[in-house]
Amino acid sequence: MTFSQMWAELAPIGRDADTGGYRRAGWTPAFREAEQWFWDACRVRDLAIENDTIGNVVAWWRPDPMVRSPGVVTGSHLDSVPDGGAFDGPLGIVSALAAVDTLRSQGFSPVRPIGIAMFVEEEGSRFGMPCLGSRLATGVLDPAKALALRDRDGVGLAEAYARAHIGMDPAEFGGSDITTMAEVFVELHVEQGRWLVDPPEGRTQSVGVATAIWPHGRWRLEFGGRADHAGTTRMEDRADPLVTAAFTALAANKQARVGGARATMGRLEIDPGATNAVPERVRAWLDVRAADQATVDAVVAAVMGQAEERANRDGTTFGATAESLSPLVEFDVGLADRLAHVVGHAIGDGSPAPLLPTAAGHDAGILAAAGVPTAMLFVRNPTGISHSPAEHADLDDCEAGVEALAAVLADLAGNSRGGA
Ligand code: HGY
Ligand code: MN
Ligand code: MN
């Protein structure tokens with residue numbers, strides 16, 4: 001089955017007919033259908049499928065099917081942000097399957113096992129914790145803290161597993177040996193910016209290699225006010241939390257521009273949400289990212305301070321909770337350089353593939369932080385847009401990505417039959 005055929009099978013799963021965006025939040029029926037597609041694709045390839053107690057999956061191509069040993073792992077995620085793009089996550093999974101097919105068609109047989117991984121809830125769209133599956137699997141997230149998470153409907157993680165008919169024992173939850181089984185991890189991902197489309201050094205290519213992931217974090221902001229009547233309450237008598245929240249959004253935008261950072265408030269909850277009532281409370285989420293931690297910290301501190309001041313003026317209350325923090329990830333320089341040369345020879349003119357940072361978080365960042373030698377390949381996205389139905393990668397660039405990944409896996413896993 002070609003990349004295109006696999007893509008055509010997976011693409012309709014979880015796509016919103018009106019917007020063309022994807023709704024595959026963790027453990028929802030759409031996610032489970034995409035997960036089932038992945039399991040079937042692994043089965044037809046006789047891969048040895050393993051899942052940990054969290055639901056992360058690694059499907060292995062082993063030199064000796066009877067010997068379970070660490071190896072080279074590639075893969076990504078199948079969940080999406082609400083109304084997300086088709087490529088963010090799935091491109092890495094489908095490309096991994098296609099790369100295995102390519103290597104097999106070339107008569108390649110790995111010396112080291114090759115695993116294809118699918119991590120759950122990478123976007124954190126349902127439970128608010130990005131890279132939930134890989135953070136649990138690498139031990140950086142306490143299972144008890146994860147089990148205490150609630151989705152927007154108040155459903156907890158254990159309940160989400162039960163509703164998805166997934167047996168999960170809370171006492172066992174969180175166990176995984178991914179950090180010992182993955183001797184190296186390479187994630188192929190659609191680029192979520194325009195570096196490969198109009199690169200600073202002017203040489204564009206279908207595939208680039210990651211150097212770093214910017215530090216970033218998410219904060220939950222709580223604004224408290226006093227519910228009152230929209231008509232009978234004089235403006236000077238109000239304690240309106242939405243006014244403080246709106247000011248905070250403007251402050252975040254300004255501080256990010258001034259500080260060379262990126263700040264986003266893309267999610268807002270207003271209670272009780274009546275057209276004719278001053279709100280009681282507002283909850284908002286702030287996402288801040290920058291090339292260095294000091295800038296992230298400075299922007300966040302400025303925004304929080306200004307929000308506090310404004311709340312005093314508005315007679316409202318303000319509180320903030322850090323929901324997830326992701327420090328700077330600098331990928332293994334030697335590995336990135338090696339893969340840039342492998343990719344350059346596989347799909348380019350022999351010169352190394354471009355090296356580029358990203359401000360998007362990935363499971364690869366979590367594994368790298370856990371000490372697994374890790375790299376990322378980015379496939380050109382002509383729109384430069386992501387977390388949107390407009391996200392795109394041309395078929396010839398996707399196929400170049402498969403070729404590049406196949407060459408990288410061959411380089412890292414070694415060929416017991418020579419050649420390829
Ligand atoms: O939010 C991110 O950067 C990633 O897409 N999870
Ligand atoms: Mn994403
Ligand atoms: Mn992603």
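This is a predicted model: local features need pLDDT of at least 70, side-chain atom pairs count only at pLDDT 80 or more; totals for chains, interfaces and linings use all residues.

Biologist: How many residues line the second largest pocket, and which lie nearest its centre?

Modeller: The lining of the second largest pocket holds 17 residues, and those nearest its centre are Phe127, Arg150, Arg220, Trp285 and Glu323. Two or more residues each come from β9 (262–271), β11 (281–289) and β12 (317–326), and the volume of this pocket is about 370 Å³.

Biologist: How does the lining of the second largest pocket divide into nonpolar, polar and charged residues?

Modeller: Of the residues in that lining, 5 are nonpolar, 2 are polar and 10 are charged.

Biologist: Let us turn to the ligands; which residues surround ligand 1?

Modeller: Around ligand 1 stand Glu122, Glu123, Gln192, Arg289, Ala360, Gly361 and His387, a shell that divides into 1 nonpolar, 3 polar and 3 charged residues. For polar contacts, one looks for pairs of N or O atoms within 3.5 Å. In this model, an N or O atom in the side chain of Arg289 is 2.6 Å from an oxygen atom of ligand 1, a backbone N or O atom of Gly361 lies 2.7 Å from a ligand oxygen, and a polar side-chain atom of His387 lies 2.9 Å from an oxygen atom of the ligand. The protein covers 94% of the 210 Å² of accessible area that ligand 1 has on its own.

Biologist: What coordinates the manganese ion (ligand 3), and how far apart are the two manganese ions, ligand 2 and ligand 3?

Modeller: The manganese ion (ligand 3) is coordinated at 2.1 to 2.2 Å by His77 (NE2), Asp88 (OD) and His189 (NE2), which follow the spacing H-x10-D-x100-H along the chain. The two manganese ions, ligand 3 and ligand 2, are 3.6 Å apart, with Asp88 coordinating both. Since Asp88 lies in the loop between β3 (71–77) and α3 (90–105) and His189 in strand β5 (residues 182–190), the pair ties together parts that are 101 residues apart in sequence.

Biologist: Finally, how should I read the backbone, and where is there a cis peptide bond?

Modeller: In general, most residues other than glycine have a negative phi, and most peptide bonds are trans. In this model, a cis peptide bond joins Asp271 and Pro272, with omega about 0 degrees, and Pro272 is placed in the loop between β9 and β10 (277–278). Cys131, in the loop between β4 and α4, has a positive phi, near 55 degrees.

Definitions and conventions
Residues are numbered from 1 along each chain as its sequence is written. Chains are lettered from A and ligands numbered from 1 in the order in which they are written. Side-chain values use heavy atoms; hydrogens and water are left out. On a 1 Å grid over the protein atoms alone, a cavity is a set of points where a 1.4 Å probe fits but cannot get out, and a pocket is an open set with protein on both sides within 12 Å along at least five of seven lines; lining residues have an atom within 4 Å of a point. Grid points are joined across faces, edges and corners, and a volume is the space filled by probe spheres set on the points. Helices (H or I, at least four residues) and strands (E, at least two) are DSSP runs, numbered from the N terminus. Ala, Val, Leu, Ile, Met, Phe, Trp, Tyr, Cys and Pro count as nonpolar, Asp, Glu, Lys and Arg as charged, and the others, Gly among them, as polar. A residue is near a molecule or strand if one of its heavy atoms lies within 4 Å of it. A polar contact is a pair of N or O atoms within 3.5 Å; within protein, one must be able to donate a hydrogen and the other to accept it, and residues adjacent in sequence count only if both atoms are side-chain atoms. Accessible areas come from the Shrake-Rupley method with a 1.4 Å probe; for residues, only the protein chains shown count as cover. Donors are N, O and S atoms within 2.8 Å of the metal (3.2 Å for Na, K and Ca); water is not among the atoms, so sites may look incomplete.
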